[in-house]
Amino acid sequence: METATLQPYRAYTPRPFTKEERDHVTILFGGLHWRAERVLQGVFENRGYKAQVLPTATKEDLLTGRELADIGQCCPTSFTTGNLANFLRSEAKRIGKDEVAKKYVYFTAGSCGACRFGQYHQSYELALRNTGMESFRLFLLAQDRMDQGATTGDGLEMNIPFTTGAVWAVLCTDVLQDLEYQVRPYEVIPGQTDQIVKESVEYLYDIFRNRPDRGKKWGAILWHLTTDSFVKALREVSKKFERIEVDRLQVKPIVKITGEFYLQTVEGDPNYNIHRWLESEGAEVYPAAVAVWLDYWMRWYVQGFEDYLGIDKSVRLKIAAVKSLQKLFRWTYNRLRAALGYIPREMPDQYEMRRLASPYFHSRLSGGEGDMLVGKALWAYHHKKAHMTCELSPYSCMPNTMSLGAMAGVLGKYPDLLYAPLEIKGDAEVHALSRCQMILTEAKKRAQHEYEMVLHRTGLTTEKARSYLDAHPEMKKATYRVPHDGVVGCAANLILHLAHRSGR
Ligand code: SF4
């Protein structure tokens with residue numbers, strides 16, 4: 001009996017996606033948080049594409065991914081592969097496989113490694129084969145090129161107007177997300193923040209959908225850099241947030257989320273809904289901005305050039321060029337933060353993070369977040385940005401496993417750094433969350449201790465602080481900025497701020 005079929009290997013080559021298909025073929029995409037995905041949909045539609053966001057991956061998708069591709073692959077691969085496969089299967093039931101292959105294409109980011117990210121396409125291909133949908137078209141986009149021209153076929157043009165739109169969409173939703181997470185834990189009317197965030201995301205979707213066309217190259221770049229359209233849009237968002245009343249005297253630990261890119265970004269089953277879970281446990285979450293990863297990617301180029309110092313005469317110029325680009329990027333991010341009253345937090349400095357991480361993790365080790373996981377934990381610790389760091393580490397992830405090892409050295413040097421590394425398998429929720437809860441209990445104690453210390457120092461009481469706030473209702477608005485003043489927690493910083501204001 002023949003048990004296996006020997007076939008020569010043939011690389012998956014999808015049929016081209018052509019310009020003529022644009023008005024009846026829908027581009028599927030996903031893998032970020034819902035705010036960024038919705039606004040990116042506006043970017044696609046602005047360029048004349050039909051686009052649809054895949055639903056957030058579920059546990060069922062995880063199991064499908066394991067079944068259809070490789071059981072030992074890292075869990076983000078299983079989640080995303082299963083997510084696509086289940087969507088296609090359900091559509092195939094509705095309209096048939098052939099119709100699915102005609103009606104949809106899938107675009108996702110690709111890379112050449114060093115980790116499993118360089119092999120994502122093979123998992124997708126295997127899943128397509130195993131579901132009998134080889135004729136479905138999926139395309140990988142290089143993550144490091146602004147202008148990739150037309151992808152296979154001339155259907156999707158990854159040109160400057162598209163990419164700049166995508167970058168600005170990410171920046172706008174990053175600052176919005178940061179504001180949201182600083183408001184929701186303290187809202188007086190439950191559910192109000194979620195409602196306003198939904199309204200704001202729809203508003204931003206319209207803004208991006210109706211962006212003007214300013215040419216294919218420099219015109220588009222210049223327009224994005226100089227226009228005040230996005231700043232004005234975020235000011236409108238700020239007005240919406242102004243309606244929310246907050247009680248910032250609630251003492252809550254701040255938990256910084258770090259980890260593998262997909263797991264720290266997505267909100268749902270792939271990370272056990274950790275953001276919502278932490279909030280329900282009484283924490284304020286410091287979410288992971290996608291912009292930090294884009295900044296890291298630019299730093300990566302600088303590092304590559306630095307290797308040629310003393311060898312290539314033009315390399316200093318190249319380094320200066322990329323560093324200027326980073327400055328421009330930070331300037332743009334800060335402009336958007338300013339539109340929201342500087343409440344969204346600043347981006348950490350990449351070179352400081354590299355310096356902090358360097359005794360423990362080599363900056364040239366690539367894959368995943370590289371040295372950033374160590375760098376971010378130390379940056380948050382030294383700058384008092386969070387009471388604890390929660391690192392979401394995927395099962396079977398090579399770069400994260402290396403970071404965990406390096407963090408043992410960090411904790412040896414800084415034993416009071418509260419660090420909760422969670423191995424995320426997708427199906428071991430109780431284990432991961434109970435581990436997180438143990439560190440969170442300590443973080444709560446720290447937040448409470450810090451608050452009491454500040455009360456003692458200023459001679460204020462919670463009651464006095466509350467009466468002051470009642471007499472100054474503008475300070476109870478979500479858009480009122482409480483400066484960061486050498487302590488971590490929101491309530492502790494507020495007490496210090498009140499003390500300064502009342503001349504104590
Ligand atoms: S960083 Fe880890 S989880 Fe992400 S693709 Fe690479 S191996 Fe997988």
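User: How are helices and strands defined and numbered here?
Analyst: Helices are DSSP runs of H or I with at least four residues, and strands are runs of E with at least two. This applies to a predicted model. Numbering starts from the N terminus.

User: Where is the place of Gln73?
Analyst: Helix H2 covers 59-68 and helix H3 covers 75-95. Gln73 sits in the loop between H2 and H3.

User: Is Gln73 buried or exposed?
Analyst: The cut-off for burial is 20 or more other C-beta atoms within 10 Å. Gln73 has 22 C-beta neighbours inside 10 Å, so Gln73 counts as buried.

User: Leaving aside neighbours within four places in sequence, which residues is Gln73 in contact with?
Analyst: The loop between H2 and H3 holds Gln73. With neighbours within four places in sequence set aside, its contacts are Ser78, Arg116, Ser123 and Ser396.

User: Is H6 parallel, perpendicular or oblique to H13?
Analyst: The axes of H6 (residues 160-183) and H13 (residues 315-339) come within 10 Å and cross at roughly 45°. That angle therefore makes H6 to H13 oblique.

User: Which residues of H6 and H13 make the contact?
Analyst: The crossing of H6 and H13 is right-handed. From H13 come Thr332, Tyr333, Leu336 and Arg337; from H6 come Leu171, Cys172 and Val175.

User: Which element gives the most to the largest nonpolar core?
Analyst: The largest nonpolar core has 124 residues. Ala169, Cys172 and Met388 are among those with the most contacts inside it. The top contribution to this core is 11 residues, from H6.

Terms used:
Residues are numbered from 1 along each chain as its sequence is written. This is a predicted model: local features need pLDDT of at least 70, side-chain atom pairs count only at pLDDT 80 or more; totals for chains, interfaces and linings use all residues. Axes are lines fitted to C-alpha atoms, for helices over the stretch in contact, and angles run from 0 to 180 degrees between N-to-C directions. Angles under 35 degrees count as roughly parallel, over 145 as roughly antiparallel, 65 to 115 as roughly perpendicular and the rest as oblique. A crossing is left-handed if the near helix is turned anticlockwise from the far one by less than a right angle, and right-handed if clockwise. Two residues are in contact if their C-beta atoms, placed from the backbone, lie within 7 Å. A nonpolar core is a set of buried Ala, Val, Leu, Ile, Met, Phe, Trp, Tyr and Cys residues joined through C-beta atoms within 7 Å. A residue is buried if 20 or more other C-beta atoms lie within 10 Å of its own, exposed if 12 or fewer, and partly exposed in between; C-beta atoms are placed from the backbone.
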